[in-house]
Amino acid sequence: MKPLMLHGHERAITQIKYNREGDLLYSSAKDHTPNVWYSLNGERLGTFDGHQGAVWAIDVNWDTTRFMSGAADQSLRIWDCATGCTIGKIEHNSSVRSCSFSYSANMAAYSTDTHMGHQCEIFIIDVRNADESIETESPILRIPIQGPKVTSLLWANLDEYIITGHENGELKQWDVRTGKNVNTVNDHTKSINDMQISKDGTMFITASKDNTAKLFDSESLLCLKCYKTERPVNSAAVSPLYDHVVLGGGQDAMDVTTTSTRIGKFDSRFFHLVFEEEFGRVKGHFGPINSVAFHPDGKSYSSGGEDGYIRVHNFDPAYFDFNFDCQYSN
């Protein structure tokens, strides 16, 4: 399983994301310039030039016509995927920490940081006719957050709800029509770093600094499964093909030099979705893994690390022949 090594970023990767078909892989880092790659051969297709700060969050819509990025330069930008040009830009008083297109891609949601007296807020905007005027238009919904800031968000239940993960480990469910918080759960004890939804949208997985990743029901926010590790989990994804999840993490970047690299701190770790048991690890990164993503066909996955590299791994035939249930048959 020799991976493709994609090196187009000068600083740590913050997020990677496939488009719906899986032929393109989008990446963002702390170096101001999101990239787009061909996932098959690792060739860089282009860059999105314009941000003046670290890019924290990215998303691409279902038909790969629009790309969105939120950054530390206190702006959200919407781009044309074909040309790489900025369609619209929205300025704020603090960093844009997370962003996501709705399932229909008619709307987009994003959140800002708590900073210098400005509180964290969630915004929902109409992006159907996005152009330069989007900055002056009022958002569809604006939700001020009292308490810990939003660190990640996603759409659920066919655009009925937004689910947000917070700095204190809370998960909140928001009704898009009313803007009200309809459900809150406290299954994590520390900040939620990442949330990714399953292929059918019925479940989503969270990655947290409390050394666990957890699987939740999208509608009820019921915690279904828990995957435990010894280190903070920065990202987690659910396979679209098998009952597998992959976790990526490692200790904080500033602690990396104080420990040996041989102890498997920076491996991608594979767990069985149902049995919660670890069955595989993939080494490679020279630092914590910040983002993982399964290819939409489930036959490969990618990981982006603090070392600035993205590694695209195609699974060996042994992965597809592996039968987890046989360990329990006797």
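Biologist: Which strand gives the most to the lining of the largest cavity?

Modeller: That's strand β23 (residues 244-249), with 3 residues in the lining. A strand here is a DSSP run of E, at least two residues long, numbered from the N terminus. Before we go on: this is a predicted model, where local features need pLDDT of at least 70, side-chain atom pairs count only at pLDDT 80 or more, and totals for chains, interfaces and linings use all residues. Residues are numbered from 1 along each chain as its sequence is written, and side-chain values use heavy atoms, with hydrogens and water left out.

Biologist: What makes a space a cavity?

Modeller: On a 1 Å grid over the protein atoms alone, a cavity is a set of points where a 1.4 Å probe fits but cannot get out; a residue with an atom within 4 Å of a point counts as lining. Rolling a probe the size of a water molecule over the atoms shows where empty space is left. A search of the whole structure turns up 2 cavities of 30 Å³ or more.

Biologist: How much space lies in the largest cavity, and which residues lie nearest its centre?

Modeller: About 100 Å³. That volume is the space filled by probe spheres set on the grid points, which are joined across faces, edges and corners. Of its 12 lining residues, T229, G249, G250, K265 and R269 lie nearest the centre.

Biologist: How does the lining of the largest cavity divide into nonpolar, polar and charged?

Modeller: There are 3 nonpolar, 5 polar and 4 charged residues.

Biologist: What about the second largest cavity, and which residues line it?

Modeller: About 30 Å³ of space lies there. Its lining includes F266, S268, V282, G284, Y301 and H313. Strands β27 (300-305) and β28 (310-314) each supply at least two lining residues. The lining divides into 4 nonpolar, 5 polar and 2 charged.

Biologist: Why is strand β24 called mostly covered?

Modeller: Buried means under 20% relative accessible area, with a 1.4 Å probe and protein chains only. In β24 (residues 268-272), 5 of its 5 residues are buried, hence "mostly covered". In a regular strand the side chains alternate between the two faces of the sheet. Here S268, F270 and H272 point one way, R269 and F271 the other way, and all are buried.

Biologist: How do you know that β24 is paired with β23 and β25?

Modeller: Two strands pair if DSSP finds at least two bridges between them. β23 and β24 have 4 bridges, antiparallel, and L247 has R269 as its bridge partner. β24 and β25 (residues 278-282) also pair in the antiparallel sense over 4 bridges, with F270 opposite G280. Both pairs meet the rule, because it asks for at least two bridges. β24 and β25 form a hairpin with 5 residues between them, and E276 in the turn has a positive phi of about 65°.

Biologist: What makes β10 and β13 edge strands?

Modeller: They belong to an open sheet of 4 strands in the order β10-β11-β12-β13, with antiparallel pairing. β10 (96-101) and β13 (141-144) each have a single partner strand, so one side of each lacks a neighbour in the sheet. The twist averages 15° from one strand to the next, with angles taken between N-to-C directions, from 0 to 180 degrees, and axes fitted to C-alpha atoms. β12 (residues 121-126) and β13 share 4 antiparallel bridges, and I122 has I143 as its partner.

Biologist: Why is S104 called partly exposed?

Modeller: S104 is found in the loop between β10 and β11 (107-112). Its relative accessible area is 29%. Exposed means over 50% and buried under 20%, so 29% falls in between and S104 is partly exposed.

Biologist: What order do the strands take in the sheet that runs from β14 to β17?

Modeller: The order is β14-β15-β16-β17, an open sheet of 4 strands with antiparallel pairing. β14 (150-156) and β17 (181-185) are the edge strands, each pairing on one side only. The twist averages 20° from one strand to the next. Between β15 (residues 161-166) and β16 (residues 171-175) there are 5 bridges, and I163 has Q173 as its partner.

How values were computed:
On a 1 Å grid over the protein atoms alone, a cavity is a set of points where a 1.4 Å probe fits but cannot get out, and a pocket is an open set with protein on both sides within 12 Å along at least five of seven lines; lining residues have an atom within 4 Å of a point. Ala, Val, Leu, Ile, Met, Phe, Trp, Tyr, Cys and Pro count as nonpolar, Asp, Glu, Lys and Arg as charged, and the others, Gly among them, as polar.
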